Amino acid sequence: MAIGSTTSERGGNRLGDLLVEAGKISGDQLREGLDAQRQEGGRLGTHLVRLGFMTDPELVEFLADRYGVPAVDLTGLEIDEAIIQLVPAEVSRKYTVLPVAKTGAKLTIAMADPTNVFAMDDIKFMTGYTVEPVVASDTALREAIDEYHGSTHAIELRKVMEDIADSDEADLEVLDDEEEIDLRALEQQSEEAPVVRLVNIILTDAIKRNASDIHIETYEKEYRVRYRIDGVLYEMMRPPMKLKEAITSRLKIMARLDIAEKRLPQDGRIKIKTKAKGKVKDLDFRVSTLPTIFGEKIVMRLLDKDKLMLDMMKLGFETDSLRRFEQAIFRPYGMVLVTGPTGSGKTNTLYSALSRINSPETNIMTAEDPVEFNLTGINQVQVKEQIGLNFAASMRSFLRQDPNIILVGEIRDFETAEVAIKAAMTGHLVLSTLHTNDAPSSVSRLMNMGVEPFLVASSVHLVVAQRLVRVICTTCKEAIKVPAQSLVNLGFSPQEAQTLQLYKGRGCERCSNTGYKGRLGLFEVMEVDDDIRDLILSGASAYEIRERTLANEMLSLRQSGLQKIRDGITTIEEVVRETVHD
């Protein structure tokens, strides 16, 4: 059983009982520690130390003696970087563990809970090493994990938390679903100064760190806030459990949502003004709430127009790929598709294309769900499914509005595809997105929706597949050596693998010790020429189309990634994470 878990239904807490039996703490102190654990989550031992009932060294010594494993003092201990990398950062944080030494096939792991067999089994399976646990304090482990993997608790909350502890907020009562919801009480709690300050800190710190999303999640014994920075989620703080209702209500009020409705998902928007580098700027947060079994999860997407990259030269296109893309968007009619998973930068690419072709002589109309950024000179429509204003209905209306260029946010079904193709074949340029893994698969996707092959062949002129990879931080960039065989396995030629110079980010204050700063696109641009049209009309598979396009010198996503590695822009790990070998 994990140390610190509550087992009141079986007569108490195992660690707590052992500490009381050994005379390390009193029964009253145990009850106070358990109360703190129930309210805020986390480990019992951590709360006992925080409350001053025992010290970190006393707790570690007790655990080491009780479970017969050595103790380790992480303070000042230098651990080899190669050993640290054996256990991924997310696993270290999940289990509060850190590898400290390796001898032969044995990996020594510092743990706050030496009885956590799940953690040991996971690490053994992941690394292939036999795991030997040693005990370290929870606090020292978290500090060491932050030191080696980059700080995830960079927000200074102590003053806010002290204010919360000193205020009436400590007496907040969390209402169960069965209880009557007191709206006035919820509103009052959400307006308490400490809660307002905490929410403001969450929003403003996300802006400073260039986060794209904020995740506020509630679990049975934990309440946490995470930021997505350059595509990766980082845990930033763990507010007290007792504040979850007040924080949720505060955000829902700011987003003009119904604070009494906790059973259904809701979507809203928060608009704020903030001062950054002496300049006042307007920002939008797109807010989504989702009821989970332990409360509402809130995700906020930060929409910062200043971060919108409208210069197509800076998106990451290779020269030839950009030339093909620009030729397609300057054609008077036809369809251009941008494909990729959620969060791969499709919207940014389409907005950049619209910005490039926008002029007083063109009538550009868009149907989006949602409209993320307002673009001057472009008529943007927010899709509202609940009243029947879907993509297909919007496009039918567009055709009566004398458009030159139409953007439809996503082709999700046959109806939307049918109207889009009709528009493309009647003298309009149509831009849209699909969710497929690569460019050739988009053809199969449209036909699977029910579109006839001859319509696809005659209407689609170009398909762009894209992914985003993190860019090496220029401040801490350094050269590294990689075995030539690894580069050959990645896709480089044996000759190039012998001479290629690779780089990585060491980690610094500018990049929050991640080694990366910003993201750039990998692009696969497939022109639908006569050869590809013949294949589509003959019912060729996506694989056959792909083979032909590669033979016609199309750069695949992997090849685009290899070029970024050659240019010293990104790392092998990023390219492998986002692409597959051709």
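Helices (H or I, at least four residues) and strands (E, at least two) are DSSP runs, numbered from the N terminus. The structure is a predicted model, in which local features need pLDDT of at least 70 and side-chain atom pairs count only at pLDDT 80 or more, while totals for chains, interfaces and linings use all residues. Residues are numbered from 1 along each chain as its sequence is written, and side-chain values use heavy atoms, with hydrogens and water left out.

With a relative accessible area of 1%, Ser442 is buried (under 20% relative accessible area; exposed is over 50% and partly exposed in between, with a 1.4 Å probe and protein chains only). Not counting residues up to four places away in sequence, Ser442 touches Thr339, Leu434, Thr436 and Val463, where contact means heavy atoms within 4.5 Å.

Next comes the nonpolar interior. A nonpolar core is a set of buried Ala, Val, Leu, Ile, Met, Phe, Trp, Tyr and Cys residues joined through side-chain atoms within 4.5 Å. The largest such core has 41 residues, and those with the most contacts inside it are Met335, Ile411 and Leu446. Helix α16 (residues 414–424) gives the most to this core, with six residues. A second, separate core has 32 residues, including Ile214 and Tyr223.

The model also holds an open sheet of three strands in the order β1-β2-β3, with mixed pairing; two strands pair if DSSP finds at least two bridges between them. At the edges lie β1 (97–103) and β3 (130–135), each pairing on one side only. Strands β1 and β2 (residues 106–111) run antiparallel and are joined by six bridges, and Thr103 stands opposite Lys106 in β2. Helix α7 (residues 117–127) packs on the sheet and touches β1, β2 and β3; its direction makes about 145° with that of β2. For such angles, axes are lines fitted to C-alpha atoms, for helices over the stretch in contact, and the values run from 0 to 180 degrees between N-to-C directions.

Strand β3 leads on to another helix, α4 (residues 56–67). The buried residues of α4 are Leu59, Val60, Phe62, Leu63 and Ala64, and they pack against α1 (14–21), α3 (44–50) and β3. An α-helix has 3.6 residues a turn, so residues three or four places apart point the same way. After α4 comes Gly68, whose phi is positive, near 65°.
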